Amino acid sequence: MIAAIHCGRRQLAIDDEAWKEYLRQSFSLESTARLSFEQLRAALNHLIRCGFVKRDAAGAPIVNEWAFIDTAVSDRQPLLRKLLMQARAAGIETGMQVAYIEGIAKQMGGAGKSGNVHTPLRFCDAWQLRLIVAAMEFHLKRRHRGAPTDA
């Protein structure tokens, strides 16, 4: 989410001093890195209200990042819908959900282990999607307990 905020700042041409002033007034902080998840979400929403348009890797505006579910193979659709609901339950910002879940998939099992999924979500098979659903369940339980999410 920090990367999206920095992209928004660049897109809106907000310089460092103006951004630090916004952070001081809104959160009593001077660094985006020190913001909590809720504060990051509020800052991103502020940029969106100011005119920031989220874009995909090709530079096209993100309209519906989950549109590919309807064209997916029928055995994968329920798993993809489950991931969509898990992303919403986690409070992940719309437009960032697929990237967030793909990031979780890349971290599964630690670096270099067989549990890692480096395939874009839309191209994952049913087995990979089941692994990702399980990882998201674990992630949601960990967040619900208040445990660190980066371990």
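Are W19 and Y22 buried or exposed? Both are buried, where buried means under 20% relative accessible area, exposed means over 50% and partly exposed lies in between (1.4 Å probe, protein chains only). Keep in mind that this is a predicted model, where local features need pLDDT of at least 70 and side-chain atom pairs count only at pLDDT 80 or more, while totals for chains, interfaces and linings use all residues. Residues are numbered from 1 along each chain as its sequence is written, and side-chain values use heavy atoms, with hydrogens and water left out.

**The chain as a whole**
- The protein chain has six helices and zero strands, with helices (H or I, at least four residues) and strands (E, at least two) taken as DSSP runs numbered from the N terminus.
- Going along the sequence, you get the pattern α-α-α-α-α-α.
- Of its 151 residues, 36% count as buried.
- Among contacts with a separation of 6 or more, 54% come from residues 24 or more positions apart; a contact here means heavy atoms within 4.5 Å.

**α2 against α3**
- Helix α2 (residues 16-27) and helix α3 (residues 37-49) have axes that come within 12 Å and cross at roughly 125 degrees. Those axes are lines fitted to C-alpha atoms, for helices over the stretch in contact, and the angles run from 0 to 180 degrees between N-to-C directions.
- That makes α2 and α3 oblique to each other: under 35 degrees counts as roughly parallel, over 145 as roughly antiparallel, 65 to 115 as roughly perpendicular, and the rest as oblique.
- On the α2 side, W19, Y22 and F27 do the touching, and they meet Q39, A42, A43, H46 and L47 in α3.
- Sorted by class, this contact of α2 with α3 has six nonpolar, two polar and no charged residues. Here Ala, Val, Leu, Ile, Met, Phe, Trp, Tyr, Cys and Pro are nonpolar, Asp, Glu, Lys and Arg are charged, and the others, Gly among them, are polar.

**α1 against α3**
- The axes of α1 and α3 are 10 Å apart, and the two helices pack at an angle of about 25 degrees, so α1 and α3 are roughly parallel to each other.
- This time the crossing is left-handed.
- From α1 come I2, A4, I5, G8, R9 and L12, and from α3 come L40, A43, L44 and L47.
- The α1 with α3 contact counts eight nonpolar, one polar and one charged residues.

**The aromatic cluster**
- The structure holds three aromatic pairs; rings of Phe, Tyr and Trp (its six-membered ring) pair if their centres lie within 6.5 Å, with planes under 30 degrees apart called stacked, over 60 edge-to-face and the rest tilted.
- W19 and Y22 have ring centres 5.0 Å apart and planes at 35 degrees, so their pair is tilted.
- Both sit in helix α2, three residues apart, or about one turn of the helix.
- Y22 also pairs edge-to-face with F27, at 5.8 Å centre to centre and 90 degrees between the planes.
- Together W19, Y22 and F27 form one aromatic cluster.
- Y22 has a relative accessible area of 15%, and F27, at 16%, is buried too.

**Two positive phi values**
- Most residues other than glycine have a negative phi.
- A13 is not a glycine, yet its phi is positive at about 55 degrees. A13 lies in the loop between α1 (2-12) and α2 and is exposed, with a relative accessible area of 68%.
- S28, also not a glycine, has a positive phi of about 60 degrees. You'll find S28 in the loop between α2 and α3, where it counts as exposed at 63% relative accessibility.

Terms used: Left-handed = near helix turned anticlockwise from the far one by under 90°.
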